[in-house]
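Here's a quick briefing to read alongside the coordinates.

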Amino acid sequence: MNWNDFAGWGRKVADWAQDYHLTVGDRPVRAQTKPGDMLNALPQTPPEQGEGMEAIFADFEEKVMPGITHWQHPRFFAYFASNAAAPSVLAEFLTSAIAPQCMLWQTSPAATEMETRMMDWLRQSLGLPEDFQGVIQDSASSATLAAVLTMRERALNWQGNQQGLSGLPTLRIYCSSEVHTSVDRAIWVAGIGQANLVRVPIKGDWRGMDPAALETAIQADKAAGLQPAGVILCVGGTGTGATDPIADCITIAQNHGLYTHVDAAWAGSAMICPEFRTYWPGIEGADSIVFNPHKWLGAQFDCSAHFLRNADDLVRTLAISPEYLKTHGHDGIINYSEWSVPLGRRFRALKIWFLIRTYGIEGLRQRIRNHVAWSRQLHSALTAEPDFEAITPPMWSLWTFRYAPKGATDLDALNLALVNAINDDGRIYLTQTRVDGALVIRFQAGAFETTEADVMLAHQVICDMARNLT
Ligand SMILES: *Cc1c(COP(=O)(O)O)cnc(C)c1O
């Protein structure tokens with residue numbers, strides 16, 4: 001294939017994509033294939049001779065699509081939404097056509113400066129103060145790793161990168177039991193060790209960290225000769241939307257000189273609505289905050305917005321300047337590769353620009369408000385049914401429930417069977433989690449094209465499937 005043939009196929013792909021999005025609601029949400037189906041459909045050895053695009057495209061439709069779980073489906077209520085709004089997909093198409101490398105200002109000046117501006121648009125949209133600067137990371141996991149490395153270097157007086165960790169003080173990092181597993185991995189990769197990730201007990205409906213217990217844990221570690229380095233807080237944890245009391249925990253961290261990172265990967269998008277900021281008062285005191293516009297906001301994956309109150313600490317931790325990366329003669333420019341672990345960087349700011357300009361912040365707010373309102377409506381309707389128990393309350397658009405008909409003995413097995421039956425049915429897609437050891441079912445609404453009718457259909461599907469089980 002050469003570029004003379006590209007436009008024809010590009011039009012075909014665009015038509016296909018439009019049709020896909022308009023009709024995705026007719027497909028089962030979760031792929032209905034079995035393990036091995038895709039593998040067996042692919043030849044064991046690569047072709048020696050090139051093939052025509054017709055054959056490749058036909059195989060894509062026939063062999064690949066049945067094995068896709070449709071994250072853009074309007075009745076995707078599992079995990080968290082991973083939206084790809086139309087303008088952000090167009091921006092990604094352009095980005096992949098240009099394929100710039102955005103590691104330094106000079107390797108892509110427009111991308112760098114647009115990233116600075118888009119991160120500031122997002123900062124304002126979330127109501128964060130002007131002293132926050134931002135960078136777009138590939139994932140929340142990467143942002144959390146960057147924050148943990150910063151905590152480490154700061155606590156070790158910038159000696160860890162140089163000397164390695166042996167012989168240096170044992171660092172301690174604090175979080176609740178509700179944080180995402182990306183925190184564990186960041187701790188492993190940073191060489192701090194799982195044993196030094198201190199799980200502070202939670203309390204209350206929001207399942208947030210108990211500040212008094214945080215204080216006690218820090219003091220006990222100091223008394224034992226260990227060195228506290230930082231606190232990782234969550235706003236909208238993955239399982240149930242757990243949210244730490246941000247103001248109280250940050251005050252304690254600051255009293256001990258500790259760096260704070262807030263993981264709001266999912267719920268951060270909701271903070272474009274002022275009424276939802278009541279979930280994170282005190283956020284302006286955080287050192288580092290991450291949220292994923294690629295989840296609820298609508299930007300095509302991947303796109304993680306990472307805000308820093310003092311980017312110098314991060315840059316001091318991650319910047320590396322061999323001669324070939326130096327940009328001589330330009331003062332005050334930003335080289336974003338010094339703000340992230342990978343060197344190579346995609347032009348992610350473009351899709352934020354396309355997205356925000358197309359809908360306006362108000363258009364994006366309206367979607368999120370609808371999702372929250374409809375989700376709460378479903379919560380009331382379902383938990384009013386005799387055999388359904390509310391487990392955790394709605395946190396934004398996320399809540400959990402359990403099917404508990406009278407006389408049922410093994411509720412974990414029953415609820416797992418229910419979730420599997422629902423997903424085999426295919427009209428909606430849900431996932432399970434554990435709350436205090438019990439297996440429960442999660443519901444969240446956040447797909448860009450979800451309607452009120454889609455959310456309310458979940459009521460019928462859940463009840464039908466449950467009654468068929470028993
Ligand atoms: C989705 C999620 C993550 C992981 O995000 P990635 O961008 O996939 O690394 C981390 N924390 C929370 C709370 C999340 O919801």
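This is a predicted model: local features need pLDDT of at least 70, side-chain atom pairs count only at pLDDT 80 or more; totals for chains, interfaces and linings use all residues.

Residues are numbered from 1 along each chain as its sequence is written, and side-chain values use heavy atoms, with hydrogens and water left out.

**Overall fold**
- The protein chain has 15 helices and 13 strands, counted as DSSP runs numbered from the N terminus (helices are H or I, at least four residues; strands are E, at least two).
- A compact globule of 470 residues would have a radius of gyration near 23 Å, so the 24 Å of the protein chain agrees; that radius is taken over C-alpha atoms, and the globule rule is 2.2 Å times the number of residues to the power 0.38.
- Along its principal axes, the C-alpha trace of the protein chain spans about 65 × 60 × 45 Å.

**Ligand site**
- There are 15 residues around the ligand, and Ala140, Ser141, Asp263, Asn292 and Lys295 come nearest (near means a heavy atom within 4 Å).
- The shell around the ligand splits into four nonpolar, nine polar and two charged residues, with Ala, Val, Leu, Ile, Met, Phe, Trp, Tyr, Cys and Pro as nonpolar, Asp, Glu, Lys and Arg as charged, and the others, Gly among them, as polar.
- α6 (140-155) and α11 (293-297) each supply at least two residues of that shell.
- A ligand nitrogen is 2.6 Å from a side-chain N or O atom of Asp263.
- For Asn292, a side-chain N or O atom is 3.0 Å from an oxygen atom of the ligand.
- Taken alone the ligand exposes 380 Å², and the protein buries 87% of that (Shrake-Rupley method, 1.4 Å probe).

- Most residues other than glycine have a negative phi, and most peptide bonds are trans.
- Alanine 99, in the loop between α4 (86-98) and α5 (109-125), has a positive phi of about 50°.
- The peptide bond from phenylalanine 301 to aspartate 302 is cis, with omega near 10°.
- Aspartate 302 lies in the loop between α11 and β9 (304-308).

Note on methods. A polar contact is a pair of N or O atoms within 3.5 Å; within protein, one must be able to donate a hydrogen and the other to accept it, and residues adjacent in sequence count only if both atoms are side-chain atoms.
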